[in-house]
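Here are some friendly notes to read with the model open beside you. Take the points in order and find each residue as you go.

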Amino acid sequence: MEELTLGVLETEDKELLIDEIMTRYGQEVLQLVFSYVNNRAIAEDLTQDIFVKCYKGLHTYSGKSKLRTWLWRIAINHCKDFLKSWYNKNVVITEDEPLNNTTKKEMIEQAVIQRQEDDRLIAAIMLLPIKYREVIYLFYYEELPIKEIALVTDVGASTVKTRLRRAKELLKERLEEI
């Protein structure tokens, strides 16, 4: 997917522009937010808030980084603010959907086994501290290079490498315990 250019971003029709940004990056931002909050409803609400911030702040985008990087910086900061908020610390949200969906009878055994392994891995990732969870998500799920992860998370590339290594060690320990 090609990056939006600064020329496209200078359009007068901001509604059309934000629609394009949401179409291109909406699912990725939602997945990123979910990796922080581990709740679909909250992730959807926060994603909407992020795109509102993006719309209001379009005039501040200078083009020094990719639009995607700028948007992810907004998303990560918004998620971190939410995690520190009174609401997150004091309000308990319940999900209507069960965490482990049952598989259909016609699914083959290998698909069931793969799904269980994936669920174990996701559960183990969601138990990691945020600083490890975010680098795992950005590196493995979004396939960002170390340098871009460093830009997005606002830490050095060596810190990203260290966090990735430590996250893998923690995941290995947790998966061996299960």
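1. Let us begin with a term. A crossing of two helices is called left-handed if the near helix is turned anticlockwise from the far one by less than a right angle, and right-handed if it is turned clockwise. Keep in mind, too, that you are looking at a predicted model. With that term in hand, turn to H2 and H3: their crossing is right-handed.

2. Now for the geometry of that pair. The axes of H2 and H3 are 8 Å apart, and the two helices pack at an angle of about 140 degrees. Which word describes how H2 and H3 lie to each other? Angles over 145 degrees count as roughly antiparallel and 65 to 115 as roughly perpendicular, so H2 and H3 are oblique to each other. From the H2 side, the residues that meet H3 include Ile18, Ile21, Tyr25, Val29 and Phe34. From the H3 side, those that meet H2 include Ile42, Ala43, Leu46, Ile50 and Cys54.

3. Ala43 sits in helix H3. Is Ala43 buried or exposed? Its relative accessibility is 1%, and because buried means under 20%, Ala43 counts as buried. Leaving aside neighbours within four places in sequence, the contacts of Ala43 are Leu30, Val33, Phe34 and Val37.

4. Let us step back to the whole chain. How many helices and strands does the protein chain have? There are nine helices and zero strands, so an α stands at every place in the order of elements from the N terminus on, α-α-α-α-α-α-α-α-α. The protein chain has 178 residues, and 37% of them are buried. Take the contacts between residues at least 6 apart in sequence: 62% of these join residues at least 24 apart.

5. H3 has another partner to examine, H4. The axes of H3 and H4 come within 10 Å and cross at roughly 130 degrees. That makes H3 oblique to H4. Their crossing is right-handed. Among the residues of H3 that meet H4 are Leu46, Asp49, Ile50 and Lys53, and among those of H4 that meet H3 are Leu71, Ile74, His78 and Phe82.

6. Two residues of H4 deserve a visit. His78 lies in this helix and is buried, with a relative accessible area of 13%. Not counting residues up to four places away in sequence, His78 touches Leu46, Asp49, Ile50 and Lys53. Leu67 is 46 residues from Ile21 in sequence, while the C-alpha atoms of the two are 8.9 Å apart in space.

7. Is H8 mostly covered or mostly exposed? H8 is mostly covered, with six of its eight residues buried. These are Ile146, Glu148, Ile149, Ala150, Val152 and Thr153. The buried residues of H8 pack against H4, H7 and H9. Asp154 follows H8, and its phi is positive, near 65 degrees.

8. Last, a word on cysteines. A disulfide is a covalent bond between the sulfur atoms of two cysteines. How many disulfides does the structure hold? The number is zero. Cys54 counts as buried, at 0% relative accessibility. Cys79 is buried as well, at 0% relative accessibility.

Key:
Residues numbered from 1 in each chain as written. Predicted model: local features only at pLDDT ≥ 70, side-chain atom pairs only at ≥ 80, totals over all residues. Heavy atoms only, no water. Disulfide = S-S within 2.5 Å. Buried < 20%, exposed > 50% of the residue type's maximum accessible area, 1.4 Å probe, protein only. Helix = DSSP H or I, 4+ residues; strand = E, 2+ residues; numbered from the N terminus. Contact = heavy atoms within 4.5 Å. Axes fitted to C-alpha atoms, helices over the stretch in contact; angles between N-to-C directions. Parallel < 35°, antiparallel > 145°, perpendicular 65-115°, else oblique.
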